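Let's take a friendly walk through a two-chain model, from the place where the chains meet to the packing inside each of them. Have the viewer open as you read.

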Amino acid sequence: MPPAKPTRDGRVIAEPWLPRRARRIVMVLAGLYALFVWMDAAGLNLPDKILPLPMRFFLQEAALFPDAARDSIEYRAEGWRCDVERFEEIDVRSFFPIQRDDKESRFYRAMFFHRRQRPVLEALDQFIVAQQNHAHPEARIGGVMLLSLRIPIPPPGTPEGRYQRLPLTDYPQEVERKYWYVTSSKERTRRCEELAAP
Amino acid sequence: MRRPPPEITWWTRLRDWLDAPQPIERLALARIVLPLVLLSFQASRLVHADHWLSPVGFRVPYLGGSDWRQPLYIPPVPPGLAWAIAIVTVVTGLSLSAGLFSRAAGGLFAALLAYLALADRLEAFTVSKLGPMLALALCLAPSGARYGVDAWLRRRRNPEAPVPTHVRGGVIRFFQIFLCAMYSGAGIAKLRGDWLSGDVLWSHLHDNYQTWISWALARAVPGWGWQALQYLSLAFEVLAPLWFALRWTRPYAVIAGLGMHALIGLMFGPVIWFAILMSTLLVSCYLPERWLLRLFRRAAPAAAIA
C-alpha cells in the first residue's frame with residue numbers, strides 16, 4: 001500500500017493502491033453498476049438488453065417485496081407408502097437442513113422457483129424418495145406428491161394466533177391445495193417393487 | 001509567469017466531489033462490520049456446505065443456459081471441496097474484517113461470495129448478491145490503512161510514519177451513491193407494485209418469516225397503522241437521493257433509515273442480516289462525522305490511534 005501523505009491542513013490521506021487510470025475506470029464501472037441496479041428496480045430494462053444473464057443476476061437486488069401477498073403459501077410433500085399403498089404427508093425438512101423451518105429452505109425455494117418445471121420436480125422427487133427411504137426404512141415410499149397450500153390472510157388489524165406449522169390434515173377446507181407434481185403410478189409401482197426385492 | 005487557474009467545469013466539480021477526502025473511520029467501519037454481517041448471513045449455509053454445494057444435497061439440474069432462474073449453471077463440487085470453500089470463505093471474511101492482508105483477503109472473499117451466489121440460485125438472496133460488490137470495493141480501497149492488523153504491523157515497523165486520518169473519497173462516494181440508488185429503485189418498484197393501494201406490509205406478517213415481534217405488532221397496530229408505515233417507507237425510499245443530498249435532512253434520513261431497517265429486521269426473521277447490512281452501510285456513509293469519530297473514540301482528526 002502506498003505511504004499515507006500528510007496534507008497542508010493536517011490531514012493524512014491513505015492513498016489507494018490502484019493507479020490513477022485504473023481508479024477512474026473502476027469509478028465509471030461502479031457508477032454504471034449503481035445506475036443499472038436502480039434501472040432494474042425502476043423497471044427500465046436496458047440492463048436486460050445489454051448484459052448477459054450472470055451479470056444481470058447481480059443487479060436484481062433492489063426491488064424487494066413490491067407486491068402484497070394474496071395468501072400465505074406453504075409447500076408440502078406427501079409420499080406414496082409402499083406398505084399401505086396410499087399417500088401420507090412426509091416431513092421433508094430434515095432433508096433440506098439449511099434454514100429448514102422457513103421460506104429460505106431449499107425445498108421451499110425449489111418449489112417457489114421451479115414448481116412449473118417438470119425436470120426439476122422429477123429431480124426433487126428422486127431426491128426426496130432416496131432421502132426418505134434412507135432415513136425411514138420402516139416407512140419406505142415409491143413416489144411423491146408435491147403441493148402448495150394457500151392460507152388466506154385475514155383483513156388488516158384482525159387479531160390472530162402465532163404462526164405455527166400444522167400437519168396437512170389439520171388445515172380446514174378453505175385452505176386451497178394445489179398439486180404441482182405426482183410421481184406416475186407406474187413409476188411408484190416400479191420403485192416399490194425394487195425396494196421389496198431381496 | 002503564473003499558470004492560469006484551471007477552468008471549473010461540471011467534470012472538475014464531479015471529480016473534486018468524488019475525490020474529496022473522507023474520514024478513514026467511514027471505510028474502517030465498513031471493513032470491520034460488513035464481512036462479519038456477510039458471514040453471519042451465510043453461516044446457516046456454511047455449516048451445511050455439503051448440502052449446499054455438493055451432490056449430498058438437492059441440486060437443480062442444468063436448465064439449458066437461458067433460464068432466468070439459473071443465471072449460470074455451475075456443477076456441484078465434491079463434499080470435501082465444498083467444505084474447503086466454506087472454510088476459506090470464513091477465513092478470508094474474518095481476515096478482511098480484522099484488516100489482515102486486507103487487499104488479498106478482500107479479493108478472495110469477493111470471488112468466493114460471487115461463486116457462492118452463482119453456484120446455487122436456491123441459496124442466493126439480496127445479501128448474496130450485494131456481498132461480492134461490497135467485498136470488492138473494500139479490496140480496491142485502502143481499507144486496511146487503519147484500525148486493523150495490517151495497520152498495526154506497519155506502525156510497529158515504522159513508528160514515525162504518519163497515521164492516516166482520511167481516505168480518497170471514491171469508495172465512500174460509491175457506497176453513498178449506491179445506497180441512494182438502492183433506496184430510490186426500491187421505492188419506485190414499490191410504487192409500481194401494490195404499496196399505494198394494497199396492504200403489503202400487513203400481508204407479509206403471517207407466514208414462517210413471522211417473529212414474535214411481528215406477531216405482537218400485528219395484534220397491537222391497527223390496520224391504518226400499517227398503511228401509514230407503508231407510506232412513510234415509500235416517501236423515505238423514493239425521495240432518498242433528496243433526503244441524503246440535503247445537509248439538513250441527512251441526519252433525519254439516517255435515523256429514519258435505521259428505524260426502517262430495525263423494523264424490517266425484527267419483523268421478518270432471516271431478513272435481519274439484510275437489515276444489519278444496510279444499516280452498516282447507512283452509518284458508514286452518512287453518519288455525521290462528529291458522531292462517527294465518537295464511535296471510534298477519536299476526539300480530534302489528528303489523534304494517533306493505529
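In which sense, parallel or antiparallel, do strand 2 of chain A and strand 2 of chain B pair? This is a predicted model, and in it the two strands pair in the parallel sense, over 2 bridges. To find the spot, look for A:Ile13, whose bridge partner in strand 2 of chain B is B:His166. Strand 2 of chain B covers residues 166-167.

**Where the chains meet**

The contact between the chains draws 63 residues from chain A and 74 residues from chain B. On the chain A side, the elements that give two or more residues are strand 2 (12-14), helix 1 (20-42), helix 3 (53-57), helix 4 (106-114) and helix 5 (118-135). Helix 1 of chain A provides the largest share of that side, with 11 residues. Sorted by class, the chain A side has 45 nonpolar, 6 polar and 12 charged residues.

**The sheet of chain A**

Now turn to chain A, where 4 strands form an open sheet in the order 4-3-5-6, with antiparallel pairing. Its edge strands are strand 4 (86-90) and strand 6 (176-182), each of which pairs on one side only. From one strand to the next, the twist averages 35°. Strand 3 (residues 71-81) of chain A is joined to strand 4 of chain A by 5 bridges; in strand 4, A:Phe87 is the bridge partner of A:Trp80.

| Helix of chain A | Strands of chain A touched | Angle with the direction of strand 5 of chain A |
|---|---|---|
| Helix 5 | strand 3, strand 4, strand 5 (141-152) and strand 6 | about 110° |
| Helix 6 (residues 185-196) | strand 3 and strand 5 | about 130° |

**A helix pair in chain B**

Which two residue ranges of chain B belong to helices whose axes cross at roughly 35°? They are residues 126-140, helix 6, and residues 272-286, helix 14, with axes that come within 10 Å. Helix 6 of chain B passes helix 14 of chain B in a left-handed crossing. Helix 6 of chain B makes the contact through B:Thr126, B:Val127 and B:Leu130, while helix 14 of chain B uses B:Trp273, B:Phe274 and B:Leu277. By class, this contact has 5 nonpolar residues, 1 polar residue and no charged residues.

Note on methods:
Residues numbered from 1 in each chain as written. Chains lettered and ligands numbered in written order. Predicted model: local features only at pLDDT ≥ 70, side-chain atom pairs only at ≥ 80, totals over all residues. Contact = placed C-beta atoms within 7 Å. Nonpolar A, V, L, I, M, F, W, Y, C, P; charged D, E, K, R; others polar. Pairing = 2+ DSSP bridges. Axes fitted to C-alpha atoms, helices over the stretch in contact; angles between N-to-C directions. Left-handed = near helix turned anticlockwise from the far one by under 90°.
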